[in-house]
Amino acid sequence: MDELRALLQESLNGELYQMTAGGPRKKDGDVRFKVRPVMIRDRLFFQMETFRGNQVFHRNLSGEEACESICEAMAGFRQLSIKAAGFEAEALVSKKGKVTVKKREHEVRRPGAVPDELRMAHNRKKKYILEEGRPVPFLIDLGVQTPDGKTVKSRYDKFRQINRFLEFIADIMPILPKDRCVRIIDFGCGKSYLTFAMYYYLHELCGLDIRVTGLDLKADVIRRCSALAEKYGYQKLDFCQGDIADFVGEDSVDMVVTLHACDTATDYALYKAVKWNASVILSVPCCQHEVNRQIRNDMLAPALKYGLVKERLSALVTDSVRACLLEEHSYETQLLEFIDMEHTPKNILIRAVKKPGGKGLEKETGVKEMTDFLHVNTCLQRLFEEEGKQEHS
């Protein structure tokens with residue numbers, strides 16, 4: 001691996017564009033990984049993005065850490081492609097670990113001249129779906145932008161969060177019908193930053209015919225959001241006060257969104273989405289208290305005695321159960337990072353897309369055995385179990 005290490009030491013600097021590993025040797029391991037440079041608080045790091053099944057993992061590493069991690073990871077891959085400002089290279093790794101490097105230098109350029117396509121991402125202005133400097137009415141009224149379109153410094157994290165959410169919307173937009181009105185429900189909409197953003201993007205920017213309903217328990221929040229929707233002329237965006245569990249009046253919904261719906265409210269939203277046969281579900285859960293109150297296991301007792309560990313494990317178990325149950329009901333499901341962990345620990349987004357022709361229970365995921373092992377029974381499990389009893393009675 002000496003040749004590979006030397007190549008990495010040459011590549012891991014600010015002139016790197018991206019590394020991509022391919023050709024996995026194991027079917028059940030990582031399928032690929034990417035490495036790119038990022039600036040965090042004026043320090044250069046390398047973000048390693050690893051893809052495993054339906055999951056994606058991110059790590060920000062120093063140059064030395066990245067070199068070691070890549071060398072270790074390449075034992076499971078056949079090739080590594082590198083694009084940098086001065087060259088492109090490909091490293092081929094044999095079964096026995098022999099490395100063959102093919103390298104092509106770029107044409108000589110004046111000092112400091114770097115091809116636009118190979119500039120480091122953090123040296124370019126980040127291109128957001130909602131562009132900085134372009135005033136958006138709802139962002140101004142919600143305090144995210146100034147009237148001239150500048151992002152309020154103290155609200156920049158919210159601006160990034162909104163754009164990150166719209167990236168997920170952009171990913172699933174091809175699935176949404178184009179020949180009729182798209183029905184969308186946003187459960188637990190709160191102040192509706194993301195509800196307005198979703199409507200603005202899909203209807204105003206993309207021209208889709210959509211009808212969006214935001215639901216929340218707080219009457220004052222609903223009044224304010226309704227007034228803003230009327231002010232902007234968003235005729236097919238309405239807001240209702242109510243509880244997710246009691247929401248009725250819809251027979252079919254194309255997309256269900258639930259962002260930070262507290263505790264079991266997320267479970268009711270997911271259950272309703274499945275019953276509506278929704279094509280897309282986007283859910284960012286919050287406050288997973290239910291499993292925290294139940295979880296117990298003699299083997300895990302040394303870890304569960306620590307409140308912080310118990311809380312985080314409970315949250316991860318809860319979201320894993322939710323994802324598995326959606327899979328059992330014919331959804332392609334992913335757990336994705338919504339925003340950076342440094343901003344909030346509640347950063348998992350469940351993205352579920354209905355499989356074409358998928359109906360009813362499709363497969364067992366082992367979730368029942370896992371929850372029995374941990375002595376927990378979640379709200380979403382009970383909702384599906386009760387439905388099963390009614391169907392067989």
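Cys287 is found in the loop that connects strand E12 (280–286) with helix H8 (289–294); helices (H or I, at least four residues) and strands (E, at least two) are DSSP runs, numbered from the N terminus. With a relative accessibility of 18%, Cys287 counts as buried, where buried means under 20% relative accessible area, exposed over 50%, and partly exposed in between (1.4 Å probe, protein chains only). Cys287 has a positive phi of about 50° although it is not a glycine. Most residues other than glycine have a negative phi. Asp263 also has a positive phi of about 50° and is not a glycine. This residue lies in the loop between strand E11 (255–262) and helix H7 (265–275), and it is buried, with a relative accessible area of 12%.

The structure is a predicted model, in which local features need pLDDT of at least 70 and side-chain atom pairs count only at pLDDT 80 or more, while totals for chains, interfaces and linings use all residues. Residues are numbered from 1 along each chain as its sequence is written, and side-chain values use heavy atoms, with hydrogens and water left out. The pLDDT is the predictor's confidence in each residue, from 0 to 100. Its average over the protein is 86, and 90% of the residues score at least 70. Confidence is lowest in strand E4 (residues 55–61), with a mean of 80, and highest in helix H9 (residues 301–304), with 96. Over residues 108–124 pLDDT stays under 50, and the model has 25 contacts beyond four places in sequence for this stretch; contact means heavy atoms within 4.5 Å. Residues 340–344 also stay under 50, with 7 such contacts. Where pLDDT is low, the predicted coordinates should not be read in detail.

The secondary structure of the protein amounts to 12 helices and 14 strands. Of its 393 residues, 45% count as buried. Among contacts with a separation of 6 or more, 66% are between residues 24 or more positions apart.

An open sheet is formed by 7 strands in the order E4-E3-E2-E1-E5-E6-E7, with antiparallel pairing; two strands pair if DSSP finds at least two bridges between them. E4 and strand E7 (99–105) stand at the edges with a single partner strand each, so one side of each has no neighbour in the sheet. On average, neighbouring strands are turned by 15° against each other, direction ignored. Strand E1 (residues 16–24) and strand E5 (residues 77–84) run antiparallel and are joined by 7 bridges, and Gln18 stands opposite Lys83 in E5. E6 and E7 are likewise antiparallel, with 7 bridges between them. Phe87 has Glu105 in E7 as its bridge partner. The hairpin of E6 and E7 has 5 residues between the strands, and Gly97 in this hairpin takes a positive phi near 90°. Helix H1 (residues 2–11) lies across E1, E5, strand E6 (87–93) and E7, and runs at about 155° to E6. Axes are lines fitted to C-alpha atoms, for helices over the stretch in contact, and angles run from 0 to 180 degrees between N-to-C directions.

A nonpolar core is a set of buried Ala, Val, Leu, Ile, Met, Phe, Trp, Tyr and Cys residues joined through side-chain atoms within 4.5 Å. The largest such core has 52 residues, of which Phe138, Phe165, Phe196, Leu202 and Met255 touch the most other members. Helix H5 (residues 193–205) gives the most to this core, namely 9 residues. Not counting residues up to four places away in sequence, Leu202 touches partners including Ile169, Met173, Leu208 and Met255. A second, separate core of 35 residues includes Ala269, Ala273, Leu304 and Val317.

Helix H10 (residues 307–328) has 22 residues and reaches 31 Å from its first C-alpha to its last, close to the 32 Å expected at 1.5 Å a residue; the expected span is 1.5 Å times one less than the number of residues. Ser314 belongs to helix H10 and is buried, with a relative accessible area of 0%. Beyond four places in sequence, Ser314 touches Val291, Asn292 and Ile295. Just after H10, Ser330 takes a positive phi of about 70°.

Cys240 is placed in strand E10 (residues 237–241) and, at 30% relative accessibility, counts as partly exposed.
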